[in-house]
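Please find below a note for a colleague who is new to this structure. The points are numbered and may be read in order.

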Amino acid sequence: MSLLTINDLTVEFPTRRKLFTAVDHVDLSVEPGEIHGLVGESGAGKSTIGAAIMGLLDRPGRIASGTIKLSGDQISGIDAEAMRGLRGKKISMIFQDPLTSLNPLFTVREQLVETIQAHLGGSDSEANKRARDLIDRVGIPDPDARLDQYPHQFSGGMRQRVVIALALCTEPDVIIADEPTTALDVSVQAQILDLIKELATERQVGVILITHDMGVIADTTDKVTVMYAGKVVESGPTSQVMGQPTHEYTKSLIAAVPRPTLKLHRFPQISYGGRETRFAIEDMARHWPKVDNDTSKPVFEIRNLTKKFLQKRGLLPWDRTYFTAVDDVSFDIRAGEVFGVVGESGSGKSTVARMIAGLYPVDGGTITFEGQTVSDLTNKAALDAYRKNIQMIFQDPYSSLNPRMRVDEIVAEPIRHHKLMDGADIKRRVDELLDQVGLGHEAGLKYPHEFSGGQRQRISIARALATQPRFLICDEPTSALDVSIQAQILNILKDLQEHLGLTLLFISHDLPVVRQMCDRVAVMKQGKVVELQETNDLFANPQTEYASELLRLMPKLDDLSTEGLNAET
Amino acid sequence: MFAYIVRRMFQSVIVLLVVGLVAFSMFRFVGDPIDNMLGQERTQADIDRLRTELGLDKPFPVQYFKFLQGAVQGNFGVSYRQGRPVSTIIAERAPATLELAFVSGFLAITMGIALGVFTAIRRQGVAANVIMTVSLIGVSLPTFLIGILLIYIFSVELDLLPSFGRGETVMIGNWSTGFLTSSGLKALILPAITLGLYQMTLIMRLVRSEMLEVLRADYVRFARARGLSDRVINFRHALKNTLVPVITITGLQLGSIIAFAIITETVFQWPGVGLLFINAIQFVDIPVMAAYLMLISVMFVTINLIVDLLYYAIDPRLRVDARAT
């Protein structure tokens with residue numbers, strides 16, 4: 001008998017206009033000690049299954065049909081009080097973002113003890129002892145001191161360990177992990193996944209691992225279920241589904257995953273469901289000012305760049321402490337190349353980008369753009385002329401567009417700011433841009449919230465191209481997107497570089513993506529560039545220990561099917 | 001922490017000085033106190049003599065400086081109207097206002113938070129919706145109108161509660177309290193409700209919207225997923241997080257309870273400092289007005305300081321960072 005069995009589950013969300021079926025006749029079963037991956041794009045219904053098992057469906061969602069059984073006992077449709085007794089005791093959940101899933105106002109000890117006592121009762125000293133053991137078990141060093149700290153005193157990875165400790169409080173049989181490592185760095189992600197694997201084997205816990213990351217699935221899970229639009233499209237042992245996918249959707253999903261070992265000319269785009277949007281690069285190239293990229297000369301010369309942030313304010317200068325975010329960084333960016341910067345969060349990669357864009361003042365060192373030093377420009381006209389040539393695409397397509405501005409106003413704003421055109425010309429240019437990025441000029445009359453993440457990132461690209469810049473800064477442009485949308489956006493960026501002669505600064509923590517996109521890569525660690533190489537050389541032959549460590553932690557996708565991929569020669 | 005308090009104190013002093021300066025620059029537009037002080041049979045010589053005596057012939061920065069000189073020594077001058085030291089008059093009147101403000105502030109906070117939490121948890125319930133609708137009236141009716149309505153219902157029609165004054169009072173040392181007699185307590189009810197109603201509805205609406213926000217937070221969902229009871233989630237996890245932003249607004253509101261007591265005190269003829277101030281304006285009693293304004297600003301500034309310190313007490317993110325370094 002399986003530990004957890006889901007039979008013919010359908011979850012519906014009645015809305016005013018129509019009934020939305022989030023989960024459509026899904027079957028799933030999990031054995032003790034098994035890690036079962038649930039993969040699909042956002043909106044596929046995978047998190048809804050997790051919420052349905054926990055009895056925590058958001059209103060007005062409801063289980064329309066089907067049963068959920070835990071060790072043979074039905075748990076769907078039982079009353080709220082009985083469900084609360086199971087929650088945390090038999091079934092636990094781990095959430096995506098460790099920064100927000102712990103209550104900031106209570107110490108770790110308080111949160112653990114309260115959960116232990118809610119289910120097991122027992123004296124304070126017993127609960128405290130158990131709390132200490134749990135913290136020790138999930139690998140947090142110095143448990144006695146750390147128990148009495150507040151969540152904000154822990155790093156992201158350590159917080160996720162606390163969350164896991166909380167989920168383990170009462171020896172659950174099933175753990176539902178909803179994107180447990182999406183918000184974490186590669187190295188931390190590897191540690192957390194190892195911990196989950198260990199727990200599954202050691203305690204014979206059944207784990208449902210919900211994720212959109214194929215690398216995590218391939219590395220961690222025993223079985224996998226692929227979902228599309230609320231339905232299961234394929235299910236089976238991980239190696240089989242990843243290696244020989246049978247369903248068209250699974251095939252196209254796997255094909256869109258960037259590979260660390262295989263450099264492609266273009267990403268295959270997901271053809272399933274007919275969502276492909278054309279990007280009219282030839283059309284754009286026709287109107288673009290001709291640039292002669294002299295590849296021997298650098299566009300940017302960065303020399304000894306330094307940035308310090310005030311860490312602790314003080315009345316007196318010697319009371320203040322500073323944090324050096326960027327520490328004596330030097331590199332050149334050649335004309336027409338894609339220059340990658342990789343590193344973990346806090347390594348200073350975004351700070352470098354922001355200083356180049358002129359968003360942060362420079363504390364030391366110089367930035368030279370086409371022979372002109374720009375880091376100490378104070379003359380507004382000169383600064384504007386520089387900024388016109390530099391545009392930026394941000395990570396989060398949800399917060400980087402003003403929700404109260406119409407899309408055509410958003411795209412027109414840089415043109416108006418730099419006074420490049422006026423009146424009807426602006427409108428024509430904006431319509432052209434929106435057509436070219438594949439949204440159609442009608443999109444200009446809508447507001448950002450009417451678009452999906454990938455479409456919003458296209459709006460960001462249209463906005464960035466509005467001033468016809470020479471240089472694009474892309475700060476993790478795809479890390480918030482699904483893998484198929486990521487493939488589309490990355491292809492667009494490659495087109496821009498090839499056909500318009502743009503130079504790109506590409507920041508990412510995702511090494512396979514960097515491998516696909518970049519000509520040269522700088523590896524940053526704690527504010528310093530520790531290694532700078534041609535991309536292929538870096539991946540084949542890293543010179544520093546840190547770079548080889550990063551490469552080692554990268555998910556191995558060797559088992560993934562290579563159907564439909566054409567390697568670059 | 002210490003440096004922070006010192007810095008705040010320093011800012012507070014500047015605020016007080018500016019308030020005083022603005023007040024003094026306005027006083028000359030209120031009227032000429034000499035008109036009221038001398039009878040019909042005054043001569044120009046009398047007027048000039050009195051004006052010199054009171055220092056009113058000097059430019060206002062000089063008057064302000066003289067006031068400050070006295071104020072730092074605890075001497076706020078002599079009331080033009082009553083001929084007694086201002087500090088004595090205010091000390092006599094302050095207990096009435098403070099007791100009224102305390103009771104209505106207490107009502108506003110306890111009822112406001114309780115109703116706010118209730119309406120947030122039972123968002124769909126009938127009772128919650130009725131409370132929300134009624135609270136709109138509390139927010140939109142002006143204070144004096146509420147006072148008059150209450151007087152009409154409870155004093156005129158039902159004849160249950162007194163419509164003016166503070167009833168019998170008992171002196172404890174220099175403090176005259178109405179808490180110890182039944183007529184004193186009865187007299188408190190209507191003015192306290194009048195003064196606190198607006199604040200109560202405001203706090204309630206604020207708590208409700210904050211609480212709804214917090215109940216959607218990930219850590220509340222996670223607490224639910226850990227199988228904690230609704231009571232623990234609502235009152236331990238959610239309420240404490242709700243209070244962080246609510247404290248700021250509430251602190252400012254308590255300040256305004258004391259400041260806006262003027263209207264309520266006028267409606268109910270409550271013998272507090274607010275009524276004193278209104279009378280002082282009519283008589284252009286500059287020393288009383290100046291002392292009252294300074295007193296109110298001191299209160300606002302102090303409450304603000306306390307609110308900021310409460311942040312440290314509630315939010316470990318501020319507290320621990322301050323200690324760690």
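This is a predicted model: local features need pLDDT of at least 70, side-chain atom pairs count only at pLDDT 80 or more; totals for chains, interfaces and linings use all residues.

1. Residues are numbered from 1 along each chain as its sequence is written, and chains are lettered from A and ligands numbered from 1 in the order in which they are written.

2. Chain A is assigned domain 1 (30-44 + 79-255) and domain 2 (281-301 + 332-553); such bounds come from an automatic or database domain assignment. Taken over C-alpha atoms, the centres of these two domains of chain A are 35 Å apart. Their contact takes nine residues from domain 1 and eight residues from domain 2 of chain A (residues are in contact if their C-beta atoms, placed from the backbone, lie within 7 Å).

3. Chain A has an open, mixed sheet of six strands in the order β16-β17-β18-β13-β19-β20. Strands are DSSP runs (E, at least two residues), as helices are (H or I, at least four), numbered from the N terminus; two strands pair if DSSP finds at least two bridges between them. β16 (390-393) and β20 (528-534) of chain A are the edge strands with a single partner each, so one side of each lacks a neighbour in the sheet.

4. Within this sheet, β13 (338-342) and β18 (503-508) of chain A pair in the parallel sense over five bridges. V338(A) has L504(A) as its bridge partner in β18(A).

5. Between the chains, the contact takes 23 residues from chain B and 27 residues from chain A. On the side of chain B that touches chain A, α9(B) gives the most, with six residues.

Conventions: Two residues are in contact if their C-beta atoms, placed from the backbone, lie within 7 Å.
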